[in-house]
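Keep the sequence at hand as you read.

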Amino acid sequence: MALDRDETTALLMAVKDHRLGAAVALLFLQGWRISEVLGLAWEDLDLDAGTAHVRRASVYVDGRGQQLGPPKTEGARGEHWLMPTVVALLAKRRADQAQERAAAPTWADMSYEGERVTLVFTTPAGGLVLRQTVSKVVKQAAKTAGIAADLGTHAGRRTVVTTLFVDG
């Protein structure tokens, strides 16, 4: 399923104040995979330039749980331009996360390939967010926006491709 422009706008309005609203925007405006979104770190972003580098993903590994790993494809790696709406939501996320860090008794430290990373999307204690958590946010936002209840995170990729095809 792909959303049209009005449905995408309604979905984003439904999540604009949610702590994972910027994650949903990356899915439905940029067409990123959920694993790429959840692997994004602040070190990967230049909000002034409106760019992000995909360097890692957050994936579930049987027997080990959620962990940081490589992106699904080499084509996903590299610099990506960000839409202004996404940049604004990421800036809001940064401010909200600073408050979460200050309120948390402890904050989880993350590293990937031996380097410390400060993830954009975390639990309120700094841990890895599960893809199912974002799926629930998307489904609830779809319900709030009056969109199909079976909307999933991968629909963001279809939405972006469809929008590019229709507008192209």
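## Helix α4

Helix α4 covers residues 84-103, and its 20 residues should span 28 Å at 1.5 Å a residue; the end C-alpha atoms lie 29 Å apart, which agrees. The expected span is 1.5 Å times one less than the number of residues. Helices (H or I, at least four residues) and strands (E, at least two) are DSSP runs, numbered from the N terminus.

Which residues of α4 are buried? They are V86, V87, L89, L90, R93, Q97 and E100. Seen down the axis of α4, the buried residues fall within an arc of 155 degrees, so they line one face of the helix; the arc is that of the directions from the helix axis to the C-beta atoms. Buried means under 20% relative accessible area, exposed over 50%, and partly exposed in between (1.4 Å probe, protein chains only).

The buried residues of α4 pack against α2 (21-30) and β1 (45-46), with contact meaning heavy atoms within 4.5 Å. On the face turned away from the buried side, α4 carries the exposed residues P84, Q99 and A102.

A14 sits in helix α1 (residues 5-15) and is partly exposed, at 33% relative accessible area. Beyond its neighbours within four places in sequence, A14 is in contact with A141 and T144.

E113 belongs to the loop between β6 (110-112) and β7 (115-117). E113 has a positive phi of about 50 degrees, although it is not a glycine.

## About the model

This is a predicted model: local features need pLDDT of at least 70, side-chain atom pairs count only at pLDDT 80 or more, and totals for chains, interfaces and linings use all residues. Residues are numbered from 1 along each chain as its sequence is written, and side-chain values use heavy atoms, leaving out hydrogens and water.
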